[in-house]
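Colleague: I have a model open and want to learn how to read its features. Please take me through them one at a time.

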Amino acid sequence: MNPAYLQSVQETARALYAVSQGMFWSALPIVFLIALLMIFISGQITSQAFEGLFRRLIIAIILVVATPQISAAIYGVSDYLASAYGGIDSYRELFQHVSERARAVKESGASNWLKIGETLLSIITTLSFLILPVIQHFLLVLQVVTWNLLHILAPLAMLACLFPSLSNIPRGIFMGMLEVAMWTPMWVIISKILLAIGFSESPSGPVEFLDAIIMNFAVIGLMASTPRLVNGFLAGAMAAVGGSTMQTMIAGMGTSMMQRPMKFLKSQADRVDS
């Protein structure tokens with residue numbers, strides 16, 4: 001994304017966060033009185049109930065004051081992990097290989113019209129690489145919007161700390177920040193895998209082309225499922241998420257886009273048998 005746009009988004013987010021923070025301090029006395037009223041209505045007028053309310057009040061104030069530092073720490077961890085796994089250079093290397101592969105397919109198609117099946121397979125393989133930047137750009141915009149939305153709404157969510165039944169809302173804000181921040185390291189890792197799978201040696205036969213296509217679409221499925229993968233990772237169920245993604249991509253998009261190449265291969269096999 002254009003750095004000028006990112007700077008504009010950050011300035012807008014800071015201004016909106018200040019508004020939310022002001023709304024928190026304005027609404028805090030009213031929400032505190034509502035929480036007191038809820039205690040009286042419930043009939044649980046005990047020292048433990050009042051102690052718990054004041055404890056939750058202190059926690060809410062601390063979280064509001066510390067939200068910028070917490071979000072900065074989460075972003076710092078994400079940036080460190082992304083840099084450790086290769087950083088932005090992985091994206092640049094990936095896009096460079098995409099351009100080279102597209103150029104190679106074009107030259108191959110222009111110079112050899114006899115191997116139509118292999119050329120078609122090569123085109124589909126290149127399309128699988130070209131889909132990746134579209135998905136990555138969309139997820140990048142989604143990441144920026146979601147991160148800033150969580151950051152802006154964080155002060156208002158802290159008011160829920162005063163009610164035990166709503167205490168999961170502040171936790172969801174910070175867990176959401178952690179999940180969104182972890183998208184970047186996940187993209188770097190997937191880019192490395194895609195480079196290793198799709199750009200090692202040029203496929204020399206139809207079977208190798210099919211292997212490349214299946215693997216490419218599988219990794220693209222993982223890239224598109226980054227939010228689910230990160231959520232599954234934090235919930236301890238990443239293997240199940242990854243397995244369902246692989247099945248969807250191979251059984252769905254991969255099968256439909258490889259219908260014609262498979263027909264070509266079948267016709268070639270029937271010709272050999274005859």
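Colleague: Is Phe50 buried, partly exposed or exposed?

Modeller: Start with the cut-offs: buried means under 20% relative accessible area, exposed over 50%, and partly exposed in between (1.4 Å probe, protein chains only). Phe50 has a relative accessible area of 23%, so Phe50 is partly exposed. Before going on, note that this is a predicted model: local features need pLDDT of at least 70, side-chain atom pairs count only at pLDDT 80 or more, and totals for chains, interfaces and linings use all residues. Residues are numbered from 1 along each chain as its sequence is written, and side-chain values use heavy atoms, with hydrogens and water left out.

Colleague: How many helices and strands are in the chain?

Modeller: Both are DSSP runs numbered from the N terminus: helices are H or I with at least four residues, strands E with at least two. The chain has 10 helices and zero strands. Of its 274 residues, 39% count as buried.

Colleague: How is a pair of aromatic rings described?

Modeller: By the distance of the centres and the angle of the planes. Rings of Phe, Tyr and Trp (its six-membered ring) pair if their centres lie within 6.5 Å; planes under 30 degrees apart are stacked, over 60 edge-to-face, the rest tilted. This structure holds five such pairs. In one of them, Phe40 and Phe50 sit edge-to-face, 6.1 Å centre to centre with 65 degrees between the planes. The pair links distant parts of the chain, with Phe40 in helix α1 (residues 3–42) and Phe50 in helix α2, 10 residues apart. Phe40 is partly exposed, at 48% relative accessibility.

Colleague: Where does the kink in helix α2 lie?

Modeller: The bend at a residue is the angle between axes fitted to the seven residues ending there and the seven starting there. In α2 (residues 47–84), a kink of about 55 degrees lies at Ala66, shortly before the proline Pro68. Just after α2, Gly86 takes a positive phi of about 135 degrees.

Colleague: How are two packed helices described?

Modeller: By the angle between their axes and the distance between the axes. Axes are lines fitted to C-alpha atoms, for helices over the stretch in contact, and angles run from 0 to 180 degrees between N-to-C directions. The axes of α2 and α5 (residues 168–181) come within 9 Å and cross at roughly 20 degrees. That makes α2 roughly parallel to α5. The classes are: under 35 degrees roughly parallel, over 145 roughly antiparallel, 65 to 115 roughly perpendicular, the rest oblique.

Colleague: Which residues of α2 and α5 meet?

Modeller: Contact means heavy atoms within 4.5 Å. On the α2 side are Leu63, Thr67, Ile70, Ser71, Ile74 and Ser78; they meet Phe174, Met177, Leu178 and Ala181 in α5.

Colleague: At what angle do α5 and α8 pack?

Modeller: About 120 degrees, with the axes of α5 and α8 (residues 226–235) 9 Å apart. Met175, Leu178 and Glu179 of α5 make the contact with Val230, Asn231 and Leu234 of α8. These two helices are therefore oblique to each other.

Colleague: Is Gln143 buried or exposed?

Modeller: Gln143 is buried, with a relative accessible area of 11%. Gln143 lies in helix α4 (residues 116–158). Leaving aside neighbours within four places in sequence, Gln143 is in contact with Val180, Ala181, Trp183, Thr184 and Trp187. Phe138 is also found in α4, but counts as exposed at 55% relative accessibility.
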